[in-house]
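Work through the exercises below with the sequence and the 3D view open. Each task is followed by its solution in steps.

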Amino acid sequence: MRTSAKILHVDLSSGESDIQEISGREMWLGGCGLAACLFERFGDPAQPPSAPAQPLIFAIGPLTGYFPLQSKVVAGFVSPYTGQYAESHAGGRLGLALRFSGFEALVVTGRASTPSCLIVGSRQLQIKDVHYLWGHDVFSTGKLLRQIHSQHSGHRSILRIGPAGEQGVAYAAINVDTYRHFGRLGAGAVMGGKHLKGIIVAGDASLDLPKERRKSYNETYTQVHHAITGQDVMRKYHDLGTPENLEPLNALQALPWRNLQATNDPAVSSISGETFARDLLLRQTACAGCPVGCIHVGLLRERFGSDHEFFYRQVSYDYEPIFALGSMLGMERASEILTLLEDAERYGLDVISCGVALAWATEALEKGVVTEKETLAPLAFNTLEPYRTALGHLALRSNEFYHALGRGAARAAAEYGGTDFACVLGQEMAGYATGENYFVSQAYGFRHSHLDSGGYAYDQNEGERDVDTAVTALVDDERQRIMVSCMVGCLFARKVYTAEQLQTCLDVLGYSALAAGLEDRAAAVQAKRWALKCATGFDPDTVVIPRRFQEITTWKGAMDPAYMNELGRAYARTIQRMAANAPRWNEE
């Protein structure tokens, strides 16, 4: 099989493009490793995120298109939120569309002279003027892009941004095929800065598999498919989906409520996964190449006439969005949460960040840190209409307050006050108030995400507060997740795609050398990612965990600030060592 990756580079400023073969797969593997390799080639750590030359990278891995749930795509870019090299991962059809377009990565640099849509396929490349779409929301943009490029329906992937991306909101998202997103750290603002309203990738070619490998491939595929569909561990993702976590986390006093002023509330039963499934679930759907179907789509009815006249809309939901625009805002009605999710989707905002930012703004208004002159709406927990109004102001950056809030809750708190209760761990927190290990893992983690490592699970499973053991667990778990993300697999399936299973899959496709050195190469990719993040400005010694995270109580009792601080310092030293020892790929 190929020892290099075929990538497409498009420069929006000049309109030129070229196809390159990137050698060294034995070093960067694919996925997040390939994205890091490409940023090292095309990016400039000294330039700001807004510099047109900074690349926006979409990369897949060697198993994409060949095995189930190898369906993610890694986006690599300099984050407008942190100013540092960042990743965001998304599913949908993009992974398979890229594979069947014949490219393992798409690299976009430059800035188009007018709002544009980039159309890519195995035999086509077009930068199309779509200035008339600028200002349109995510839904109408998707509808119009499908009309513009009606070919390859079912085999194409459509990426687009909404007004938040156009306005440069630092946590604007890229919508992928309606129900998936490059959500965190501002990939949507990067697209907006490039005047790129949409990207269409057409999977219009075919895959080749050598005849001598077909038998072993078929056997391995069948084994993996059976492991995925025959285990209860995957069944939960199809049944209630990730919202099944709401009631257990609430029972553990680990579900953030009202800007993390509480960690449980009896109202959870009205917004639980069971309630969403019983009252609102319309259907389940899946990313291309996935037999599980974890995407839950709810039916939202909105009355607009006195004679029982209704609009109806389909809105996807998961645990994290329900936390961010639900419990974090004190919302106690599932249908109202779905309404807020639909609004956030329409504007193209990252749901987690905008929900947590509005939770901070609500408490700031309660405490008199800001006034309604700034918020432009009477924000109060468990009120629908003020939050709907605020989401619009946030996406459009209506005044100086929303301009600051669009850069993140911590930035707004630095200007207006209230830093102690800004629930920011690198970026707005994810929905796991499980304890010190998780708070440190997100605050210091590479993506500032609950997906960096299993800190939340470590909090729930380990009783001892031991710094050395915890740091080792976080780093080892991150490396295992990187191994999956180099392929680029869905992390829901990481218990199926063990290192041994990934080696088998690589081997039957002819990547025997990769399979043999997988563990060591994943460690090298881990170090390289940290080196790039540090080179673009990340200093783990400056990480601050706000006071709110020291004040909560979980089922284990009160937080231990001294342990949390010691763990943070030890994790910082480990990150610095990894970054300093990163391989020099371009010199090997």
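Helices are DSSP runs of H or I with at least four residues, and they are numbered from the N terminus. The model is predicted, so local features need pLDDT of at least 70, side-chain atom pairs count only at pLDDT 80 or more, and totals for chains, interfaces and linings use all residues. Residues are numbered from 1 along each chain as its sequence is written, and side-chain values use heavy atoms, with hydrogens and water left out.

**Exercise 1.** Find the helix that holds Thr574, and state whether Thr574 is buried or exposed.

Step 1. Thr574 lies in helix H25, residues 561-580.
Step 2. Buried means under 20% relative accessible area, exposed over 50%, and partly exposed in between, with a 1.4 Å probe and protein chains only.
Step 3. Thr574 has 12% relative accessibility and therefore counts as buried.

**Exercise 2.** Which residues does Thr574 touch, not counting residues up to four places away in sequence?

Step 1. Contact means heavy atoms within 4.5 Å.
Step 2. With that rule, Thr574 touches Val471 and Val475.
Step 3. Val471 and Val475 are among the buried residues of H20, the helix of residues 467-485.

**Exercise 3.** Describe how H20 and H23 cross.

Step 1. Axes are lines fitted to C-alpha atoms, for helices over the stretch in contact, and angles run from 0 to 180 degrees between N-to-C directions.
Step 2. The axes of H20 and H23 (residues 518-535) come within 9 Å and cross at roughly 105 degrees.
Step 3. Angles under 35 degrees count as roughly parallel, over 145 as roughly antiparallel, 65 to 115 as roughly perpendicular and the rest as oblique, so H20 is roughly perpendicular to H23.

Conventions. Helix = DSSP H or I, 4+ residues; strand = E, 2+ residues; numbered from the N terminus. Expected span 1.5 Å × (residues − 1).
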